There are 2 protein chains.
Amino acid sequence: MTKILPKLTGPQDLHDLSSDQLLQLATEIRERIIEVVGRNGGHLASNLGVVELTMALHHVFDFKHDRLLWDVGHQAYVHKLLTGRNARFDTLRKDGGISGFPNIEESEYDLFNVGHAGTAIPTAVGMARGASLMGEDRRVVAVVGDASIFNGVAFEGLNQAGTLKRQLLVVLNDNSMGIAPTQGGMAEYLAKFRVSTVYEDLKRGVKKYLPQVPVIGMPAFNALDHLKEGLKAAVSPHQIFEQLGFVYVGPIDGHDLGHLIELLQLLKDVDHPVLLHVHTQKGKGAEWALAEPTKFHSPKPFKVEGCRVEIQKSGTSYTAAFADALIRLAQEDHRIFALTAAMPDGTGLNRFQEVLPERFLDVGIAESATVDIAAGMCKAGLRPVVAIYSTFLQRAFDQVFQEVVLQGLPVIFCLDRAGLVGGDGPVHHGFADITYMRVMPNMAVMAPGDEPEIEAALRLALTLDVPSAIRYPRDTVPAPLYGVAPVPPYELGRSVTLREGADATILAYGSTCRHALDAAHALSADGIEVRVVNARFAKPVDREMVASALNRGGPVFTVEDHSVAGGFGSAVLEAARDLGLRADQVIALGIPEDCFIPHGARAGQLARVGIDAASIAVAVRGALGHPSAVVARAALERHRDLAYVPTADET
Amino acid sequence: MTKILPKLTGPQDLHDLSSDQLLQLATEIRERIIEVVGRNGGHLASNLGVVELTMALHHVFDFKHDRLLWDVGHQAYVHKLLTGRNARFDTLRKDGGISGFPNIEESEYDLFNVGHAGTAIPTAVGMARGASLMGEDRRVVAVVGDASIFNGVAFEGLNQAGTLKRQLLVVLNDNSMGIAPTQGGMAEYLAKFRVSTVYEDLKRGVKKYLPQVPVIGMPAFNALDHLKEGLKAAVSPHQIFEQLGFVYVGPIDGHDLGHLIELLQLLKDVDHPVLLHVHTQKGKGAEWALAEPTKFHSPKPFKVEGCRVEIQKSGTSYTAAFADALIRLAQEDHRIFALTAAMPDGTGLNRFQEVLPERFLDVGIAESATVDIAAGMCKAGLRPVVAIYSTFLQRAFDQVFQEVVLQGLPVIFCLDRAGLVGGDGPVHHGFADITYMRVMPNMAVMAPGDEPEIEAALRLALTLDVPSAIRYPRDTVPAPLYGVAPVPPYELGRSVTLREGADATILAYGSTCRHALDAAHALSADGIEVRVVNARFAKPVDREMVASALNRGGPVFTVEDHSVAGGFGSAVLEAARDLGLRADQVIALGIPEDCFIPHGARAGQLARVGIDAASIAVAVRGALGHPSAVVARAALERHRDLAYVPTADET
């Protein structure tokens, strides 16, 4: 049988396919996704679930003119395959390759670079209003999952959407899962509805039996109309959407392509906000993914052999090390309570949940509420530990400020995925947390440099009467910084010198300590001796460390896996200023402030911004005017000259 | 008649009062609030609306043991009067006086320092779960307005609350108003319901007629139960809350004290989340406030003479100057579209709305969605201008990043109330926006120094292909920086020297330019000549300005109405480092990083942190070792040694 997918030039080709060919294409798309994600890693189960839905949308709408917005965007692989990106799909998430999320540089069909949940609806409202104001007749469609749709900003968007006096189609892709099973009251409500099979029958029943319902006889009450609504209300989740001003349609089977196309044709030109409720199965088309959709949400590369699937293993991650440390501490300290926002697996807290289920809460994709709930718990006497990715805690900036910092509550924030994240790219880099946490009064901002330091940092945080933030990257833990020696306990605002050396000083923050040490070892072979300090704190920054580094002469490097705007390096400069010390010998290594580092391998990203061991060594040589200085400088300048690299023209 | 309020020692005294005395107390409380707010300014209409509700809550619950959480908190004056703060209430919002919001330093009855909307429910969920986990039998009550309850984080909290297996009472204080009339689909739905008067009758009707409704005869469908639900659903706003897992009760009259007490007694021990829907009138008890609740939401001091009320006038505010400038520009440039989040009056955009209603949108208390809607509009070709207070834009940090910055969309953010805000205090200070905007790649971060500069900055922003942020304080505009000369146009990353002088340099940002100029004039009388530069940009910071200041010798001051952690001063230091220039002669004047400046007059706050003209002059003299240096230093040290001043023990 000839393959269809490789010949597809764009969504317009869908119209030339027969029903059977469309079904064949759906199968080919699933095979292609399993093949590439198996090789490269990436988001699997969610994409397998939206094959028919995506095909139907592109069949019915012309998204060169109309607007399609994906919420979160990790389910856009099918969309990518249909919009001319099949040939390059092998490069998914690789350096210079196809992004794992919608990407405006990649295709005119991608309108927003996304990655965080809940934004498609408000953005769609803006695009719809914008199109109307510009006098353009564009339809707008937003696809949102059932976990995202009750996220705060999505709900705010729904609340606005209902007041639109024009077309807007919101497709609720309901698979009863976010990344983990969906949480909260609405999720329970939807779940109740899902187990009911009576809706379609009921609709017919209402039509048939409605005339028999007696008029209740109160003047202001139109019994027929209201009872009809009432009947639907009793078994359907439509009310909330109708209350918000939407026409609610569904739920329908999201894997019945013909029916989807038919229904979308009908809804296409409805001149009013419509919510189409579609049931899909996360992992559809692969039994093993269907059976364990959380495991196959975003797996590392895997091999399928018959019905056995083996996912690539890697070393101990910072994430796992954090989870293990927190479990140990929680067994000693009964005040500890762990919270996450829809990321029990991603934060490692699924392990905590197994061991201490009564002291764990997954609030769902609701970072803002998670922080507020933690604040309330802290006020009640517990010691909440909130584990959220650095990039997602941006959602709770104001809650961290008002409910935690302003009250002086010692909530502990554990920021996973802090720094460059590899394949997920710019939508997920944790590039800003040092800056946004450092501006919070009295917050202790720290970063462990290796596995044992995670527990040491947590131990200190548990003794503080101020809030604290502990950051660590999406990476495996490095060789221990202290070798076989015990880790010096964390003391608030105190650094630890890892290595002495008279030629230069490196003040390293968090995971860059290992790179700095490795650079120092390499330089030592050339007779360059570098002092390496594990700064541990960005706030309060160790002023003795700063004074000592600046007073001894020689270049001083600040190294951080973070933007250089307002980060650890700036804390060092502020301390120098307050101490009245000159700091013109300071060189900052970190993410340049005005660029977005593209997706790819994390190791390559670290090299690119100049914070891996080799780049740090180059920078030191350069600053010392070593024979290799010119080469070194050139290399460094290249690192600095970063911009968002367009990937569309690359192969 | 003897007054009751002055003798009230605490909420427990309410039990000793007869029904008539309780009504008298309600009247006294309203008189007291009108008297003090008339003198001091403050939140009026919202407090007049919750007199009976607050009395009933304190009558039924013992909030020394139980927990009461106010959403936003601007409606907590009655609560303050009932909890022993009547005698000090004259000091409302004054230096060292009673805060205009709940304040944990003030009373054991205040559990959280609040001021931003939507947080009471998630915080209450945390406190409820916390109390249960600590084995404490505490009831938890959250009072939330109808504008706040559909804010994103409030909704996230509702979604979690529904899953609680214990007591939690959420009181929905529904006055159909936030600060402005409530916006969005839910608001329209509640409004429809408000005009209906059939609910109570209907409930009786359902009970009476239900047996007559035929069973529809489908096996999975329990007609009786569902029809009963359906009937209620058809005319009540309860569904959304019941879907979220709450028992819904109401709506009831929030000014019928007896009924409120009776109902709260019934609900007090319900072992399940309950939502009590209460109708109140904003401004109840004062005809003029009832008639214009937006005008009397948070008025300046006013005088009541019969039925005439005169509100104190003040000079042109930055807010008004912004609104006027934007209207002028919008009349030239049809791409401009203005958005606000529930603050049409506070941001001055009510004027814009009057002139260009079709190019204005109030999204309600939903800063996150406001930014996303703006992003969508910008993508559609408009030039959205988003006016939000600095402190509230914290709610949209992630949306600014993902939907705007990551897309490179030239949305213009106008941050009102940037810097110290006077009477509203720490919950409203805009102390962090320079830092959190500066970490955003490619964002232009600027601040006008006087009225004409607002238009000049907006003009530049409209030409940029990157997003921009323009900040200005809650203050009257100063005397023009350039006298009668025209304002030099804004150029990206270029400062303007306002005054030459060889002894010292002041790099002033935004509204501090005037203070710096005034300081320079005062110093000039003593023969000290200071160069004053209007920096205009915190990002990109003017590197020539930095180099010139640092190379010419003499002390260099950076002055900003903002935290010194990561702000404008840090941008100067970063530039110096990147230029390889020593910056040990730099002295940063701004808000110290680890303190909260208490409420009071803005002028006093500026003096306290050392950024008014007098303090700047003191700092310059000190740095130059002028004869007054010792005195100056001491004064400066005092300024630096700031902390959250407890007000509970002051008189």
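Which residues touch the most other members of the largest nonpolar core? Hi everyone, that's where I'd like to start. This is a predicted model, and its largest nonpolar core has 416 residues. The ones that touch the most other members are Val386, Ile506 and Ile616 of chain A, along with Val386, Ile506 and Ile616 of chain B.

Let's take one of those and look around it. If we skip its neighbours within four places in sequence, Val386(B) is in contact with Leu339(B), Thr370(B), Val371(B) and Ala374(B), and also with Val411(B), Ile412(B), Phe413(B) and Cys414(B).

Okay, before more details, how far can we trust the picture? The model scores ipTM 0.90 and pTM 0.90. Chain A has an average pLDDT of 89, and 88% of its residues score at least 70. In chain A, pLDDT stays under 50 over residues 194-235, where the model has 68 contacts beyond four places in sequence. It also stays under 50 over residues 639-651 of chain A, with 26 such contacts in the model.

Now chain A as a whole. Chain A has 651 residues, and 60% of them are buried. Now take the contacts in chain A between residues at least 6 apart in sequence: 77% of them join residues at least 24 apart.

How is chain A divided into domains? Domain 1 runs over 5-291, domain 2 over 318-471 and domain 3 over 496-640. Between domain 1 and domain 3 of chain A, 5 residues of domain 1 are in contact with 4 residues of domain 3.

Let's zoom in on a couple of helices. Helix 13 of chain A covers residues 318-332, so to speak, and its 15 residues reach 21 Å from the first C-alpha to the last, close to the 21 Å expected at 1.5 Å a residue. Its buried residues are Tyr318(A), Thr319(A), Ala321(A), Phe322(A), Ala323(A), Ala325(A), Leu326(A) and Ala330(A). And what covers them? The cover includes strand 8, helix 14, strand 10 (383-389), strand 11 (412-416) and helix 19 (451-463), in chain A.

Over in chain B, helix 5 spans residues 120-133, and its 14 residues reach 20 Å from first C-alpha to last, close to the 20 Å expected. Is helix 5 of chain B mostly covered or mostly open? Mostly covered: 12 of its 14 residues are buried. Among them are Ile121(B), Pro122(B), Val125(B), Met127(B) and Arg129(B). Here's the bit I like. Those buried residues pack against pieces of both chains: helix 15 (367-379) and helix 17 (397-405) of chain A, together with strand 1 (67-70), strand 2 (140-145), helix 6 (152-161) and strand 3 (168-174) of chain B. After helix 5 of chain B comes Gly135(B), with a positive phi near 70 degrees.

Glycine aside, who else has a positive phi? Ala342(A) has one of about 70 degrees, although it isn't a glycine. You'll find Ala342(A) in the loop between strand 8 (336-340) and helix 14 (349-355) of chain A. Is Ala342(A) buried or exposed? Buried, because it has 26 other C-beta atoms within 10 Å, and the cut-off for buried is 20 or more. Arg93(B) is another residue other than glycine with a positive phi, near 65 degrees. Arg93(B) sits in the loop between helix 4 (77-82) and helix 5 of chain B, and it counts as buried because it has 22 other C-beta atoms within 10 Å.

For contrast, look at Leu266(A), in helix 11 (residues 257-267) of chain A. Leu266(A) is exposed, with 12 other C-beta atoms within 10 Å. The C-alpha atoms of Leu266(A) and Val60(A) are separated by 9.8 Å, while the two residues are 206 apart along the chain.

Last stop, two cis peptide bonds in chain B. One goes from Gly250(B) to Pro251(B), with omega near 0 degrees, and Pro251(B) lies in strand 4 (residues 247-253). The other goes from Lys539(B) to Pro540(B), with omega near -10 degrees. Pro540(B) is in the loop between strand 17 (537-539) and helix 21 (543-551) of chain B.

Conventions: Residues numbered from 1 in each chain as written. Chains lettered and ligands numbered in written order. Predicted model: local features only at pLDDT ≥ 70, side-chain atom pairs only at ≥ 80, totals over all residues. Core = buried A, V, L, I, M, F, W, Y, C linked by C-beta atoms within 7 Å. Contact = placed C-beta atoms within 7 Å. Domains from an automatic or database assignment. pLDDT = per-residue confidence, 0-100. Helix = DSSP H or I, 4+ residues; strand = E, 2+ residues; numbered from the N terminus. Expected span 1.5 Å × (residues − 1).
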